[in-house]
Amino acid sequence: MIILGLLWTARVEAEPIVKVEYKYYSIYPKTKWDLNDELNRRSPIIFQGKRYRGYTQWLVRWQYQWWSTAQQCQITTVTTNLDVTYTLPRIPTNHPTDPEARRVFNRYLAALFKHEENHKNSGLYAARSIEKALLNLGPFPNCKGLETKAESTAQQIIQRYRQRDLDYDRQTDHGRKEGIMIENFLR
């Protein structure tokens, strides 16, 4: 009598675990006409010698488990984590400013945040892509080879989405082509 056995491993995809943190720098306008100078003067965000008003930093981490036999090793589960830190301006609530300045600033901030969310999406897409790619690596003859391939695959994906961020800022001129200039909100 011959007994055939099937070995089946379930590979489950899940959404990345996302942790978001906000860092603020304060500006102190008296009127809406002070907003541009305050943003330029107080922003701590400097990249390649230029000052910017918002910044999104993202970091993708991944973990995986594998199933192995004497002949092969294969990833069965992948967990990705995305840590996002937004750096944005704010007018302190206790700062005495003209109500119109707050209204203008809040509209501007909403547009700036929308731009920064697109940077966060690069991290989210990277995390999803890593998970999918690692689950689809297939069996390897040994776990060391699988681990090497998994790490290089994940790093290539990270680089692709870092480049996406750079391309996005180049295409939008860091949001200016999307209308994210305080002057557009002063009218």
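Trainee: Where does Thr-85 lie?
Mentor: Thr-85 lies in strand E5. Strands here are DSSP runs labelled E of at least two residues, helices are H or I runs of at least four, and both are numbered from the N terminus. Bear in mind that this is a predicted model, where local features need pLDDT of at least 70 and side-chain atom pairs count only at pLDDT 80 or more, while totals for chains, interfaces and linings use all residues. Residues are numbered from 1 along each chain as its sequence is written, and side-chain values use heavy atoms, with hydrogens and water left out.

Trainee: Is Thr-85 buried or exposed, and what makes it so?
Mentor: Buried means under 20% relative accessible area, exposed over 50%, and partly exposed in between, using a 1.4 Å probe and protein chains only. Thr-85 has a relative accessible area of 14%, so it is buried.

Trainee: Which residues is Thr-85 in contact with, leaving aside neighbours within four places in sequence?
Mentor: With that exclusion, Thr-85 is in contact with Glu-21, Lys-23, Tyr-55, Thr-56 and Gln-57. Contact means heavy atoms within 4.5 Å.

Trainee: What makes the link of Cys-73 and Cys-143 a disulfide?
Mentor: The label needs a pair of cysteine sulfur atoms within 2.5 Å. Cys-73 and Cys-143 have an S to S distance of 2.1 Å, so they qualify as a disulfide. A search of the whole structure finds 1 disulfide. With 100° about the S-S bond, this link of Cys-73 and Cys-143 is right-handed.

Trainee: Which parts does the pair tie together?
Mentor: Cys-73 is in strand E5 (residues 73–90) and Cys-143 is in helix H3 (residues 143–172), so the pair ties together parts that are 70 residues apart in sequence. Both ends have their own burial values: Cys-73 counts as buried at 0% relative accessibility, and Cys-143 is buried with a relative accessible area of 18%.

Trainee: Why are H2 and H3 called roughly antiparallel?
Mentor: Angles run from 0 to 180 degrees between N-to-C directions, with axes fitted to C-alpha atoms, for helices over the stretch in contact. Under 35 degrees counts as roughly parallel, over 145 as roughly antiparallel, 65 to 115 as roughly perpendicular, and the rest as oblique. Helix H2 (residues 99–135) and H3 pack at an angle of about 160°, with their axes 9 Å apart. H2 and H3 are therefore roughly antiparallel to each other.

Trainee: Which residues make that contact?
Mentor: Among them are His-115, Tyr-125 and Leu-134 of H2, and Ala-150, Arg-164 and Thr-172 of H3. By class, the contact of H2 with H3 has 11 nonpolar, 8 polar and 4 charged residues. Ala, Val, Leu, Ile, Met, Phe, Trp, Tyr, Cys and Pro count as nonpolar, Asp, Glu, Lys and Arg as charged, and the others, Gly among them, as polar.

Trainee: And Leu-109, is that buried or exposed?
Mentor: Leu-109, which lies in helix H2, counts as buried at 18% relative accessibility. Leaving aside neighbours within four places in sequence, Leu-109 is in contact with Leu-88 and Pro-89.

Trainee: What is the phi of Asp-173?
Mentor: Asp-173 has a positive phi of about 50° although it is not a glycine, and His-174, also not a glycine, has a positive phi of about 55°.
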